[in-house]
Amino acid sequence: MVGTLSGALEARHIPTSPDKVRANVQGTIEAPEGVLKITKISCHYILKVPEGKQDAAERALAVFERGCPVAQTLKGAVELEHTWDLEVY
């Protein structure tokens with residue numbers, strides 16, 4: 001998912017390296033029918049963006065999941081949650 005996000009940011013001329021994109025990812029495992037399975041994946045992104053690029057970064061974050069092969073594969077089977085913090089430099 002981070003790779004797809006990086007691509008969406010780079011397309012908007014927002015650099016993603018070195019160390020400009022981090023993600024904290026947490027999965028929730030439950031046994032709704034007696035069998036363990038991942039039911040939710042929460043991704044929190046910390047992005048460093050150049051001044052003046054905050055709106056473009058927000059737009060990329062709002063739409064990148066539609067083009068992400070991982071998100072599209074898991075859609076309907078696992079709840080995905082994306083949140084983010086932007087740090088301006």
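Reader: Is Leu36 buried or exposed?

Author: Buried means under 20% relative accessible area, exposed over 50%, and partly exposed in between (1.4 Å probe, protein chains only). Leu36 counts as exposed because its relative accessibility is 67%. Leu36 lies in the loop between strand S1 (21-30) and strand S2 (37-49); helices (H or I, at least four residues) and strands (E, at least two) are DSSP runs, numbered from the N terminus. The model is predicted: local features need pLDDT of at least 70, side-chain atom pairs count only at pLDDT 80 or more, and totals for chains, interfaces and linings use all residues. Residues are numbered from 1 along each chain as its sequence is written, and side-chain values use heavy atoms, with hydrogens and water left out.

Reader: Where does Leu5 lie, and which residues is Leu5 in contact with?

Author: Leu5 lies in helix H1 (residues 2-11). Contact means heavy atoms within 4.5 Å. Leaving aside neighbours within four places in sequence, Leu5 is in contact with Tyr45, Leu47, Leu61 and Phe64. Leu5 is buried, because its relative accessible area is 0%.

Reader: Which peptide bond is cis?

Author: The bond from Ser17 to Pro18 is cis, with omega near -10 degrees. Pro18 is placed in the loop between H1 and S1.

Reader: What is the phi of His13, and what is that of Asp19?

Author: His13, which is not a glycine, has a positive phi of about 60 degrees. Asp19, also a residue other than glycine, has a positive phi near 60 degrees. His13 is found in the loop between H1 and S1, and Asp19 is found in the loop between H1 and S1. His13 counts as exposed at 64% relative accessibility, and Asp19 is exposed with a relative accessible area of 64%.
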